[in-house]
Amino acid sequence: MAHKILPIDREEIPEYCRQLIHRSNARLFTMVGNDEREIHGNFVLYYTFLIDGSKDLITLKASVPENDPCFPSIASQFPAANWYEREVRDLLGLVPLHHPDPRPLVLHGDWPEGLYPLRKEFSADLKPPRVESRETFMEYEGEGITQIPVGPIHAGIIEPGHFRFGAMGDTILHLDARLFYTHRGLEKSSEGKSVQHALLIAERICGVCSLSHAVSFAQAVEALAQAEVPVRGLYLRSLFLELERLYNHIGDIGNLCAGIGFSFGTSQGAIMKERMMQLNEKLTGHRFLRGMISLGGVKQDLSEEDRKGTLATLENIETQFRRLMDILLNHDIVIDRMKTTGILTKEMADSIQVVGPAARASGRNIDVRRDLPYAAYREVDFDVPIYDKGDVWCRMKVRMDEVFQSLGIIGQLLENLPSGPIQREIGSLTPYQWAVGWTESPRGENVHWVMAGENNTVYRYRIKSASYSNWPAVPLTVPGNIVPDFPLINKSFELCYACCDR
């Protein structure tokens with residue numbers, strides 16, 4: 001894989017993006033805004049694309065002067081850039097000209113104007129006073145149309161998100177979704193920290209994808225250091241990444257059953273997920289696999305007893321899971337509630353560049369384990385399940401198929417686990433160089449962008465999670481469905497709030 005950096009003028013951003021997307025069949029991998037005034041006097045925008053055919057990366061780099069902090073928006077032509085551009089405006093004060101949706105995204109409407117948290121002069125300890133909110137939502141007119149606000153405080157023990165429906169009777173006409181109610185400023189708090197300290201932050205971006213985020217960050221730092229992870233360490237990383245995928249997918253299928261009130265499926269999913277998390281704790285000391293990743297490898301090895309115990313546990317889980325799948329796939333009510341519900345067409349998925357199981361359920365044949373292989377994924381054989389209807393049923397089917405693929409991957413890794421060390425020292429990083437790390441988390445690809453500072457510290461850290469890519473898709477799947485189906489549709493994407501509220 002090659003990674004080319006192409007400096008361009010900011011006025012050229014739309015044309016270069018257009019050429020990459022239309023002529024090279026590229027997709028936007030991540031976009032980063034950075035305050036580099038201390039380095040060379042300007043802000044900088046980085047647009048990183050993945051070229052579909054060659055699987056190479058290309059980054060467009062455009063400087064934005066402090067005295068004219070604006071750039072041409074590409075969101076009207078390429079909706080996948082919508083959130084990236086709004087975030088750059090909120091956090092850095094760089095204005096995307098002619099953006100189709102100029103509302104605040106991350107900081108909400110009660111944040112004082114003119115304060116930009118990711119500018120270097122902004123103190124992480126500052127607590128700005130709130131002002132009168134500038135929030136706006138869709139206005140509904142007409143007889144019989146009801147506005148239904150849900151959240152941000154919910155009845156269940158879940159994270160905060162606000163959903164405002166326009167409905168006629170039970171039929172949903174439109175949905176406004178509002179997130180970032182618990183934005184934690186993790187990127188700001190990582191600035192100036194050692195890369196070892198920042199790894200702890202990366203592990204805490206999300207509870208259920210903590211290992212995926214840790215590996216993404218570690219790979220970016222290792223790329224900066226040009227460090228090689230020992231082969232056994234790479235195998236163990238892939239093993240634990242697949243264990244993370246397994247407990248998530250199995251639990252997510254149980255949660256889908258909860259969305260239709262199918263208590264048997266919910267309880268069976270929860271039981272198997274609990275057994276998987278007990279296995280995680282037995283192998284690593286942590287149910288969420290935290291503390292396993294080091295910069296340069298992994299912190300903990302696997303014994304022969306652990307290997308045999310893991311195979312035995314997974315054999316039992318596979319038997320139980322097959323029984324549950326036989327019931328779900330032949331249950332008339334399950335089929336009726338899930339098929340044709342919450343459809344995300346391939347055109348929609350391509351337009352906003354959805355990732356992960358949601359993308360593969362809508363016909364997008366993408367998976368960075370295969371397309372940009374990392375850790376030990378080059379050494380194992382697996383299929384990437386693809387469906388094309390884009391409904392709740394297909395999103396569940398992708399997860400079902402991926403459970404069996406993960407079991408197969410783990411079997412190969414354990415059978416061929418090489419001997420040797422599990423980690424190496426990474427050495428020193430060159431200040432103000434940057435690199436990208438990625439993983440295919442249970443929800444899709446996470447992309448971490450890291451620029452090194454002095455003395456092996458972090459100068460800038462940009463986190464793009466799968467949930468960040470996929471949340472804009474949820475409102476597109478809801479119109480035409482009934483209000484009671486929204487929890488089911490939402491659960492079928494199984495997105496994190498925390499990954500966005502970072």
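This is a predicted model: local features need pLDDT of at least 70, side-chain atom pairs count only at pLDDT 80 or more; totals for chains, interfaces and linings use all residues.
Visitor: Which element supplies the largest share of the lining of the largest cavity?

Guide: The lining consists of M31, G33, Y84, E87, V88, L91, L92, L118, R460 and R462. At least two residues each come from β2 (26-36), α3 (82-92) and β14 (458-464). The largest share, five residues, is supplied by α3.

Visitor: How many charged residues are in the lining of the second largest cavity?

Guide: This cavity is lined by I21, L28, F49, I74, F78, A80, A81 and Q353. By class, seven of these residues are nonpolar and one is polar. For the lining of the largest cavity, the classes are six nonpolar, one polar and three charged.

Visitor: Is α5 roughly parallel or roughly antiparallel to α6?

Guide: The axes of helix α5 (residues 195-203) and helix α6 (residues 210-225) come within 8 Å and cross at roughly 150°. Angles over 145 degrees count as roughly antiparallel. The crossing angle therefore makes α5, relative to α6, roughly antiparallel.

Visitor: How many nonpolar residues has the contact of α5 with α6?

Guide: In a right-handed crossing, α5 passes α6. From α5, the contact involves V195, A198, L199, A202 and E203, and from α6, S210, H213, A214, F217 and V221. By class, two contact residues are polar and one is charged, while the number of nonpolar residues is seven.

Notes
Residues are numbered from 1 along each chain as its sequence is written. Side-chain values use heavy atoms; hydrogens and water are left out. On a 1 Å grid over the protein atoms alone, a cavity is a set of points where a 1.4 Å probe fits but cannot get out, and a pocket is an open set with protein on both sides within 12 Å along at least five of seven lines; lining residues have an atom within 4 Å of a point. Helices (H or I, at least four residues) and strands (E, at least two) are DSSP runs, numbered from the N terminus. Ala, Val, Leu, Ile, Met, Phe, Trp, Tyr, Cys and Pro count as nonpolar, Asp, Glu, Lys and Arg as charged, and the others, Gly among them, as polar. Axes are lines fitted to C-alpha atoms, for helices over the stretch in contact, and angles run from 0 to 180 degrees between N-to-C directions. Angles under 35 degrees count as roughly parallel, over 145 as roughly antiparallel, 65 to 115 as roughly perpendicular and the rest as oblique. A crossing is left-handed if the near helix is turned anticlockwise from the far one by less than a right angle, and right-handed if clockwise. Contact means heavy atoms within 4.5 Å.
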